[in-house]
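Please have the sequence and the model open side by side.

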Amino acid sequence: MATAEASSGSTKKLQVRRYKPEERAEKNYLNAEKGIWSWLTTLDHKRIGLLYLAGISLFFAVGGILALLVRMELWTPGPTLGFLTADGYNQLFTLHGAIMIFLFLVPSVPAVLGNFVMPIQIGAKDVAFPRLNLMSWYLYMAGALGTIYVIIAGGIDTGWTFYTPYSSSTGGAVTAMTFGVFIIGFSSILTGVNFITTIHKMRAPGLTWGKLPLFCWGLYATSIIQILATPVLAITLLLVGMERILGIGIFDPALGGDPVLYQHFFWFYSHPAVYIMIVPGFGIVSEVVSTFSKKTVFGYWAIALSSLAIAFIGFLVWGHHMFTSGQASLASTVFSFLTFLVGIPTGIKMFNWLATMHKGSIALKTPLLYVLGFFFLFLIGGLTGIVLATIALDIHLHDTYYVVAHFHFVMVGGMVMALLAGLHYWWPKMFGKMYNETLAKIAAGLILLGFNVTFLPQFVMGAQGMPRRYYNYLEQFTYYHQVSTVGAFILGAGFLLVLGYLVHSLFRGKKAGANPWGSRAMEWQIASPAPPHNFEHTPVVIHGPYDYHRPMEDFQLGLIQSENGHSEHQGAEIASDTDEVKAEE
Amino acid sequence: MANHSSATHVQHHFVDSEQQFDSAKMGMWIFLVTEVLFFGGLFAAYIIYRAWYPELFTLASEELNTLWGGVNTIVLIGSSLTVAMAIKSAQLNQIRNISINLGITIALACVFMVIKYFEYTHKFHLGIFPGEFYTYEGINHPKANIFFSLYYLMTGLHGIHVLVGIGLMIWLLIKASKGAFNSEYYTPVEITGLYWHLVDIIWIFLFPLFYLID
Amino acid sequence: MSGHHISTDKILLSVAGALFVLTILTVAVHYLALPHPWSIIVAMTVAVMKASLVALFFMNLYWDARFNSMLFIASILFLALLVGLSMLDTLFRIDPTPGF
């Protein structure tokens, strides 16, 4: 084994041996305790991840059905669905947006895959605060219940952006909705607190920041955004509630307030929120690209630090949502310039991922298919974002379907593709079963086809002036809308197929071993499904997680247990700053 | 630093007591970051409106009683001192002093709330209510209600945080009197103390911003 | 890394004393009615000093892991971003709030 000089970082001598994982664990986290009560009171991060999976799947379905209703209404230029009035239509798109963003996209990757995978990837037995983790889920479900209540109590028609003064003065269940989102915000914040502390404090011996998996770097950057941005949303929503109940007048011009101030506060959260949604997806892409190219990630530090750069710059650009709001032109100019900057770190990632695949040993499995789709669709989404960042262009494109297409490309074409990639990648670890690869590829094809058919026409009609959030429209856009609606149903069929074969795999899928993909990452060095406490030993890390030149045994090291279950501390030198280690076994 | 993980307070996913304590502290500091940003939104609104209507703030601030605001500041600083003393008592295994210091902290916090209660009722008496319920005629500015809306929002939210702190400390007091805390384990006292100090810091800024405007 | 620094009575009481003095000072300065903008500058400077004393010596940041200090400073910096960039708009409008 190669050696290196220990640097000035602290070195400890540790005695290690190889811990070969069982292929399949008879006792795993799924069957360790039985009964629904054990699930509802679980402190196991893996079970909590699955609880979230149930929640976000349900709300994705609800949001998806709302989307299909919207698209059906837009089949003809005039009223289409007999039961749907213009007000009803406003409620449909408002709820579609609010549910998809707050109940699906924001929690999805961190709460499901982050919760499940991250502690295992860093060699920990759980997150730092398991009880807070469970509380996060309950807060999420409470906020979700609030949303159900809102739907029943007359709905909201303000758009998911709740702009004042309409939101502070209109009827409907706005106050209840803001309260529901407030609660979900707490869920998001607690997840952020948990992840930052876990990644700082609970890494296995030898796991320096330079060996941290890029998925964890992505979650870390996301958590930073969550804790800095979400509280501002919380206070903004609280203020809207106060405006409605007490007539505070901070955002209402009739009472002396400023509606644009609301937009500043709202977008201070909601722009970084889009990075909360996408940065974990970037992390998944790094993992999948490396595993299915059997190659180390090109430019590890560039990708790691670009996540932090995106997190930071993302806080400087919110005014690009407000170019037409009456904002001072000085502010608009500054925001436009800063928005151009935020594309740079993302571009760096794209190039690094492609370089990773170059001359790799490519396995074209479903996760990688979704990642390839991600590259294409997120690229379009990102570039059209730069178009919208240009003030002169945005004056025409603001509040048109161009914007709608842009954010669906980045959110669905980017984030949902990444989520599906991650779900398919980690499915064997979560359930110990493999899904049907052929059906999976067909579904991926349907989704990618359906997505493009739905949203590409929207760029065109947006540029031609079709406004967003409109119930009726001019005759000239009929063809585009109809193509888009057809695409939406193809997309829906693809998602249904995914649901079908994944659920089928739970009951009839082929059993999966510990490491079906041959990855070097830590979560693949334990049995499938994962054991209840992840590791019985303390894992020791001596290489970064993408080093395919090293044999698999190098990634299965752990401290030697003594008689009483405590680990001994003698033997190998581990340098904290270099990637190579001298190990004496 | 080989603390046995068989000590009862160390949770199974932590290696030792040290890791658990440091994690709890870091977690609380991250939460305090969210509190800063939460209140920060209101401070931002304050700054923006004061920049727009400076004369309003000067006029309206005269309705606030500087003396009682100052007394409240002293009271809250005192409570920060006593909660720091409570932590020190725990660190030095002076078990009874933990309860005494926590008790004094709670008492001072209650004094704060009582003074606030009198301040608020005095204003209500004059017709100074938040938002659209404002009826006071005594200030010669059309947007006077905005100043007081901000006043009630910010001091009100702060007051809610004080009440939550009182609740937490009563819980701590009960546990302390049952001997739950000592030099080996006093983490809840430490992190509640951190929360309480932030509540104090927020008041340190609220006081000059509302009561000391010239 | 020791997170268990034990402050002496002397330190805690001295810091509390300094905080009381600064409070009295800032109230006294208020009655001097300094010209604008000095009144707000002095008031905020004193407030920052008091907050720093509380953060460093009551919240133990002086002896604690550096990361916790960085967290606290970061929160203030991002708050400054919220205020600063918003004021790039609010200070430079032609008409502050829409007339009604």
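Before the details, some ground rules. This is a predicted model, in which local features need pLDDT of at least 70 and side-chain atom pairs count only at pLDDT 80 or more, while totals for chains, interfaces and linings use all residues. Residues are numbered from 1 along each chain as its sequence is written, chains are lettered from A and ligands numbered from 1 in the order in which they are written, and side-chain values use heavy atoms, with hydrogens and water left out.

**Chain A with chain C**

- Helix 6 (174-201), helix 7 (214-246), helix 8 (259-293) and helix 10 (329-357) of chain A each give two or more residues to the side that touches chain C; helices here are DSSP runs (H or I, at least four residues), numbered from the N terminus.
- Helix 8 of chain A gives the most to this side, with five residues.
- By class, this side of chain A holds 19 nonpolar, six polar and two charged residues. Ala, Val, Leu, Ile, Met, Phe, Trp, Tyr, Cys and Pro count as nonpolar, Asp, Glu, Lys and Arg as charged, and the others, Gly among them, as polar.
- In all, 27 residues of chain A are in contact (heavy atoms within 4.5 Å) with 15 residues of chain C.
- The two chains bury about 1,800 Å² between them, 80% of it on carbon and sulfur atoms; buried area is the accessible area (1.4 Å probe) that two parts lose on being put together, summed over both.
- One salt bridge is found across this interface, where a salt bridge is a side-chain nitrogen of Lys or Arg within 4 Å of a carboxyl oxygen of Asp or Glu. Asp258(A) and Arg93(C) form a salt bridge at 2.9 Å, N to O.

**Chain B with chain C**

- Here 49 residues from chain B meet 50 residues from chain C.
- About 4,400 Å² is buried between chain B and chain C, 75% of it on carbon and sulfur atoms.
- Trp29(B), Trp52(B) and Asp214(B) supply 16% of the area that chain B buries against chain C, more than any other three residues.
- Two salt bridges cross this interface, and Lys88(B) pairs with Asp9(C) in a salt bridge at 2.8 Å, N to O.
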